[in-house]
Amino acid sequence: MKPAVMIGTEDRIMNRWAHFAKKYSFLPLIGGGSTKIQPVYVVDVASAIVAALKDDGSSMGNVYELGGPEIYTVHELAELMYETIREWPRYVNVPLPIAKAIAMPREVLLKKVPFPLPNPDIFNLDQINAFATDTVVSENALTFMDLGIVPHKLKGYPVEYLIQYRKGGPQFGSTVSEKVNPDSYP
């Protein structure tokens, strides 16, 4: 199983972004946020693993690329995060070479000191390198469909855990899945 960026209650992307945005009131977009990713809900990945274990053995030895049904740019995913936490989006575009230069001192020290260093949330070299290239499911890859699973769309329930970052707390206003279409009013 090769999952894409996983989204869920304790993920390492949207939670970190929301926490950073609340703490510093802006979000740095590495490379301008133009990198394409295909985030997947963690529950769908777990379902794929269970489906592969339960099948007749036909999935043994195969590689499944697990990506969500939608492709986002990093900027669009950040917009979704801001919409869910109900904050005005504020971005600082950080070019890739500058982001790597900010992250390098920690990486150099990691090899020199005998004790663990804190892991930064945003300017982490591994995350910067991951956002340097598009990560989408290959055209001929085995996917969720080959396991008989339909992955969730990201907008709605999979990102509702971000309501904890709202001003006024999680009970402030309706959640994304509770929004009512204005056309349905009489």
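Rings of Phe, Tyr and Trp, the last taken by its six-membered ring, count as a pair if their centres lie within 6.5 Å. By this rule the model, which is predicted, holds 4 aromatic pairs. A pair of aromatic rings is described by the distance of the centres and the angle of the planes. Two of the pairs are listed here.

| Pair | Centre to centre | Angle between planes | Class |
|---|---|---|---|
| W17 and F131 | 6.2 Å | 40° | tilted |
| Y82 and Y91 | 5.6 Å | 85° | edge-to-face |

**Aromatic pairs**

The pair of W17 and F131 joins distant parts of the chain: W17 sits in helix α1, F131 in the segment after α5 (125–130), and 114 residues separate them. Both W17 and F131 are buried.

Why is the pair of Y82 and Y91 edge-to-face? The planes of the two rings stand at 85°, and planes over 60 degrees apart count as edge-to-face. Y82 is buried, with a relative accessible area of 2%. Y91 has 24% relative accessibility and therefore counts as partly exposed, since buried means under 20% and exposed over 50%.

Elsewhere, F20, Y24 and F26 make up one aromatic cluster.

**Helices α1 and α3**

Helix α1 covers residues 14–24 and helix α3 residues 74–85; their axes come within 10 Å and cross at roughly 65°. This crossing of α1 and α3 is right-handed. Sorted by class, the contact of α1 with α3 has 11 nonpolar residues, no polar ones and 1 charged residue.

**The protein as a whole**

The protein has 5 helices and 8 strands. Read from the N terminus, its elements follow the order β-β-α-β-β-β-α-β-β-α-β-α-α. The C-alpha trace spans about 55 × 50 × 30 Å along its principal axes.

Of the 186 residues, 39% count as buried. The protein exposes about 11,100 Å², and carbon and sulfur atoms supply 58% of that area. Among contacts between residues at least 6 apart in sequence, 80% join residues at least 24 apart. The pair of W17 and F131, 114 residues apart, likewise links distant parts of the chain.

Definitions and conventions
Residues are numbered from 1 along each chain as its sequence is written. This is a predicted model: local features need pLDDT of at least 70, side-chain atom pairs count only at pLDDT 80 or more; totals for chains, interfaces and linings use all residues. Side-chain values use heavy atoms; hydrogens and water are left out. Axes are lines fitted to C-alpha atoms, for helices over the stretch in contact, and angles run from 0 to 180 degrees between N-to-C directions. Helices (H or I, at least four residues) and strands (E, at least two) are DSSP runs, numbered from the N terminus. A crossing is left-handed if the near helix is turned anticlockwise from the far one by less than a right angle, and right-handed if clockwise. Ala, Val, Leu, Ile, Met, Phe, Trp, Tyr, Cys and Pro count as nonpolar, Asp, Glu, Lys and Arg as charged, and the others, Gly among them, as polar. Rings of Phe, Tyr and Trp (its six-membered ring) pair if their centres lie within 6.5 Å; planes under 30 degrees apart count as stacked, over 60 as edge-to-face and the rest as tilted. Buried means under 20% relative accessible area, exposed over 50%, partly exposed in between (1.4 Å probe, protein chains only). Contact means heavy atoms within 4.5 Å. Accessible areas come from the Shrake-Rupley method with a 1.4 Å probe; for residues, only the protein chains shown count as cover.
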